[in-house]
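Have a look at the structure first, then read on.

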Amino acid sequence: MKTTNVLFIISDDLSATTIASYGNKICKTPNIDRLAQKGTLFTRVYCQATYCGPSRASFMSGYYPDATGVFGYVSGRKAIGDRETWAEYFKNQGYHTARVSKIFHMPVPKGIELGSDGSDDPRSWTEKYNCQGPEWKASGVGETLEGNPDGTRPVVGGNTFVRVEAEGDDLVHSDGKAAQKACELIHSYKNLDKPFFLGVGFVRPHVPFVAPKEYYKDYPWQEIVLPKKMEGDWEDIPKKGINYKTSKNMKMSIEQQKKAVSAYYASVSFMDAQVGKVLQALEDSGQADETIVIFTSDHGYHLGEHDFWAKVSLKDESIRVPLIISVPQGKAARSDSLVELLDLFPTTAKMCGLDIPERLQGKDISKLLQSPQTEVRDAIFSANNKGWVIQGKRWSYMKYKGPRPNEELFDLNKDPNQFFNLVSNPEYKVALDKMRLAFTNKMKELKTNDL
Ligand SMILES: [Ca+2]
């Protein structure tokens with residue numbers, strides 16, 4: 001007998017701050033917003049690692065990166081041994097599981113140019129599809145925005161800020177092909193004798209910012225307003241808290257910064273249009289009433305806050321992700337509970353009537369779909385290769401490896417932009433001690449797991 005299907009859609013490097021239903025007034029995301037109209041939008045969801053590889057290995061395996069030691073660009077299979085991944089668990093419980101494009105780590109743009117598997121976990125899937133695309137080599141008007149102070153650097157590959165207003169339609173690109181493949185699979189699954197778990201990974205807005213030129217037209221760079229900056233902002237940030245990409249080391253002029261944001265928005269709108277196609281296929285195939293839909297990202301992104309760019313930092317823009325969960329006949333709701341991407345595995349298991357494997361480190365948050373006012377935890381936990389962050393609703397505490405100064409403390413009530421590090425301020429000694437203890441306890445707790 002068929003039971004509930006899971007359609008898991010994940011964008012790459014998508015900041016929640018760029019989605020209209022999360023409050024962005026410029027960037028257009030009508031399809032994600034439509035999903036939010038019949039689902040629960042979670043406002044405080046956090047990744048467990050702030051870059052692709054370890055974040056994806058974490059939510060797919062069900063473990064914090066510090067439990068598995070997976071901080072690189074690998075799937076984590078070696079670390080979890082024979083234990084089932086999220087998709088593999090569903091497969092072994094009788095689901096047809098499929099991957100379209102990037103679910104486990106896949107290098108962008110290189111892996112997409114090659115159409116290769118990246119750090120996939122073959123055991124997780126009944127079938128899988130890679131979606132090759134031209135990426136930065138797409139024909140169109142392109143510009144390199146970093147390391148290009150005199151404007152003479154050609155469009156280059158790699159993990160580089162380049163924008164390309166591409167010729168041609170959506171199907172030229174990896175995400176257009178991924179949407180097409182996902183739609184085809186969804187229609188074919190109508191005839192399956194078992195439920196499906198379909199993971200669809202879109203690679204935009206990850207750099208290069210390549211999208212058909214029509215998606216650029218709503219975002220003239222001259223009209224972009226950059227985030228508020230503060231004089232002396234970096235003075236109280238420990239060295240390891242300064243992000244690996246900054247306006248300074250990328251040598252970006254204000255014009256280049258605005259062009260980066262406009263290109264990011266165009267990439268988000270392009271990705272959003274692909275989400276729309278997949279959701280439409282689900283409705284057209286008559287399976288929307290038996291399918292849970294999840295939309296999220298692997299981590300957040302800086303668009304100039306603190307003069308930081310991209311991911312990896314432990315500040316809120318980098319650790320926070322969007323999450324919408326829509327259930328059959330669902331209505332729009334909002335939850336401010338602190339949620340982690342690790343919660344997806346146990347939550348979907350519960351919602352599909354499967355036992356939750358006890359070893360999992362995330363929580364079942366399915367009750368938030370009925371009562372969005374409920375809270376499931378006091379604090380979230382995330383990490384990068386230089387440190388950790390533990391963050392409750394009021395206090396955010398970061399601890400970096402190596403000698404002092406190696407801590408940050410922010411009062412999110414008074415300072416949501418995280419401009420004022422309170423670690424050296426004696427007035428906040430009680431809060432600091434509390435967060436230091438919470439951090440120590442969390443590290444102990446997550447390492448005692450039986451792996
Ligand atoms: Ca990513």
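For the pairing below, two strands count as paired if DSSP finds at least two bridges between them. Keep in mind that this is a predicted model.

**The sheet**
- Four strands make up an open sheet, running β14-β15-β16-β17, with antiparallel pairing.
- β14 (380-383) and β17 (407-411) sit at the edges with a single partner strand each, so one side of each has no neighbour in the sheet.
- On average, neighbouring strands here are turned by 15° against each other, direction ignored.
- β16 (residues 395-400) pairs with β17 in the antiparallel sense over five bridges.
- Across that pairing, Lys399 stands opposite Glu407 in β17.

**Cis peptide bonds**
- Most peptide bonds are trans, and most residues other than glycine have a negative phi.
- Val108 and Pro109 are joined by a cis peptide bond, with omega about 5°; Pro109 is in the loop between β3 (96-101) and α6 (110-114).
- Arg204 and Pro205 are also linked by a cis bond, with omega about 10°, and Pro205 lies in strand β7 (residues 196-205).

- Glu135 isn't a glycine, yet its phi is positive at about 50°. You'll find Glu135 in the loop between β4 (127-129) and β5 (140-144).
- Is Glu135 buried or exposed? Buried, because it has 23 other C-beta atoms within 10 Å, and the cut-off for buried is 20 or more.
- Gln418 has a positive phi too, near 55°, and belongs to the loop between β17 and α12 (429-447).
- Gln418 counts as buried because it has 22 C-beta neighbours inside 10 Å.

Definitions and conventions. Residues are numbered from 1 along each chain as its sequence is written. This is a predicted model: local features need pLDDT of at least 70, side-chain atom pairs count only at pLDDT 80 or more; totals for chains, interfaces and linings use all residues. Helices (H or I, at least four residues) and strands (E, at least two) are DSSP runs, numbered from the N terminus. Axes are lines fitted to C-alpha atoms, for helices over the stretch in contact, and angles run from 0 to 180 degrees between N-to-C directions. A residue is buried if 20 or more other C-beta atoms lie within 10 Å of its own, exposed if 12 or fewer, and partly exposed in between; C-beta atoms are placed from the backbone.
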